[in-house]
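Thanks for coming. I have one structure to go through today, and I will take it piece by piece. Please have a look at it first.

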Amino acid sequence: MSEKRLPRTTPEEAGVESAAIGRMLDGFLEKGVGVHGIMLLRHGKVFAEGWYAPYRPDLTHMLFSLSKSFTSTAIGFAVQEGLLSIEDRVVDFFPEKLSCRPCENMEKMRVKHLLTMNTGHSVAPQHMLGELNKDWVKIFLESYVDCEPGTIFTYNTCATYMLSAILTKLTGQTVDEYLAPRLFEPLGIHGWYFEKCPMGNATGGYGLNVHLEDLAKFGQFYLNRGMWEGKQLLDPAWIDAATAKQTDNQNHGETPDWKQGYGYQFWRCQPEGVYRGDGAFGQYCIVLPKQDMVIVMNEGTGWLQDPLDVLWETILPAVHEKPLPPDPSAYSTLCKRLKELSICPVQGKEAVTASAEYSGITYALSQNPAGIASVRFDFSKTNPTFTMELCDMPPFTRGIGRRSCTLPLGYGCFKEGKGCFEKQECGSFTFFYEQCASSMAWKDEKTLCMRLVWNTTPFIDDVTVSFDEQGIVLNWERNYSMDPNKAFQVFGRHM
């Protein structure tokens, strides 16, 4: 957890009604928004915060594409230090990677086009991401750019990766290493982790993991226009340019908050002057300059417009110019509610008489999208557990060897256990992660239900296991995923 905590205050002292925060929580519930953690700041002080257990403030959380805003910030520092210009040509940084002359539009591409998602690709070369043994820079430079750079907005995670690669080429440091003395250390941000590509560059467009409070500091840093504790760390002109509308993105889908313009890896929002960094499944850092506010959220959500709609409808109308009179009753109700936020454990019976028949048996599984080779259940009365072993092959173990874990199962609660991977081995697109909080219950004598919360990620798995004399049928469903195989059925037999 971060060493330097932000100051705290009450909603009323911040000029916000406590009851409005309750309405916000109700709105999330009504729309099915899977919030994991939320923190609201005004005038540099936290006035409301809460985590849905088993998510906790001391855990980092995957940011996915919200990582892009940090990579953009690193480029801002590099420009400030004279290491590059946004007018520099992309190909000029990597002449050694060019085995032949690139296409004409690739030769025209500049750093500013990477920042604004105006590379000229009508379809981003996303196939390069996740390649385990290839040079992503070379793949990008050899990709065909069908439109002139600057003429078309195409959301392009590969473009952000190239910003990361350029920074490393210039400095010999990855994005997070470069940001450490310039941003992370001054703000008191600790415990971060950034995924790396096969060539050792930070993935740039995704892969950063930070604590929610540290994300709030990042938002406050932008709200302060690059100043922190009285020291100007980053040129305010860069902050202004990065968060302004640099390009039109009306062609980007139908959701209104994704059509308000795009800056340097920041999105513009519907309310006047508001901008955000955001990532898949609802990772948000929202800056509201007019209100002097920052709102940060971690989520596991599919329809990303919903949480923003809730904020615009409940919080914005409740913001007042001056502090409000104390409201002890509303504040007490809010504090109690925030403290009790939780994800519901799986429901059912604690034990069944038949469980002894299935305990201690290892089941070999048929081929499945998660790469699980085998599972075992141990139904101890005091400490039931679920063990799984992964196939020793990529992409399931990303080429790092066979992995297994044994997860404790809580009844009526979550018990936390070590996951399949070490932190530095985890990736945004692996199926399992470094830790998990698990709950179990029996639906009937032959049906076990489990809920597995990978609580440094957006992902929650609901698993139903049907037992019989022949083996098991395992139905696995993930809350949200970029993979179409988020739900699958697999069969297991006694080993």
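This is a predicted model: local features need pLDDT of at least 70, side-chain atom pairs count only at pLDDT 80 or more; totals for chains, interfaces and linings use all residues.

How many of the ten residues of α10 are buried? The count is nine, so to speak a mostly covered helix, running over residues 305-314. The buried ones are Gln305, Asp306, Pro307, Leu308, Asp309, Val310, Leu311, Trp312 and Thr314.

Three of those names come back when we look at phenylalanine 28. Setting aside neighbours within four places in sequence, phenylalanine 28 is in contact with Val33, Val35, Ile38, Met297, Pro307, Val310 and Leu311.

Phe28 also belongs to the largest nonpolar core, which has 117 residues. Which members touch the most others there? They are Met24, Phe28, Leu215 and Phe221. Helix α6, residues 157-171, supplies the largest share of this core, with eight residues. Another core lies apart from it; that one has 42 residues, among them Phe386, Leu390, Met440 and Trp454.

Next, helix α9, residues 236-243. Here Trp238, Ile239, Ala242 and Thr243 are buried. Viewed down the axis of α9, its buried residues fall within an arc of 115°, so they line one face of the helix. As background, an α-helix has 3.6 residues a turn, so residues three or four places apart point the same way.

What does that buried set pack against? The partners are α2 (67-80), α4 (111-115), α8 (212-223), β8 (267-268) and β9 (275-279). At the N-terminal end, α9 is capped by aspartate 235, with a side-chain oxygen 2.9 Å from the backbone nitrogen of alanine 237.

Now the whole chain. It holds twelve helices and 21 strands. Its radius of gyration is 24 Å, close to the 23 Å that the globule rule gives for 495 residues, so the chain is as compact as a globular protein of that length. The C-alpha trace spans about 70 × 70 × 40 Å along its principal axes.

Of the 495 residues, 59% are buried. The accessible surface comes to about 19,700 Å², and carbon and sulfur atoms account for 51% of that. Finally, among contacts between residues at least 6 apart in sequence, 62% join residues at least 24 apart.

That is what I have. I'll take questions now.

Methods:
Residues are numbered from 1 along each chain as its sequence is written. Side-chain values use heavy atoms; hydrogens and water are left out. Buried means under 20% relative accessible area, exposed over 50%, partly exposed in between (1.4 Å probe, protein chains only). Helices (H or I, at least four residues) and strands (E, at least two) are DSSP runs, numbered from the N terminus. The arc is that of the directions from the helix axis to the C-beta atoms. Contact means heavy atoms within 4.5 Å. A polar contact is a pair of N or O atoms within 3.5 Å; within protein, one must be able to donate a hydrogen and the other to accept it, and residues adjacent in sequence count only if both atoms are side-chain atoms. The radius of gyration is taken over C-alpha atoms; the globule rule is 2.2 Å times the number of residues to the power 0.38. Accessible areas come from the Shrake-Rupley method with a 1.4 Å probe; for residues, only the protein chains shown count as cover. A nonpolar core is a set of buried Ala, Val, Leu, Ile, Met, Phe, Trp, Tyr and Cys residues joined through side-chain atoms within 4.5 Å.
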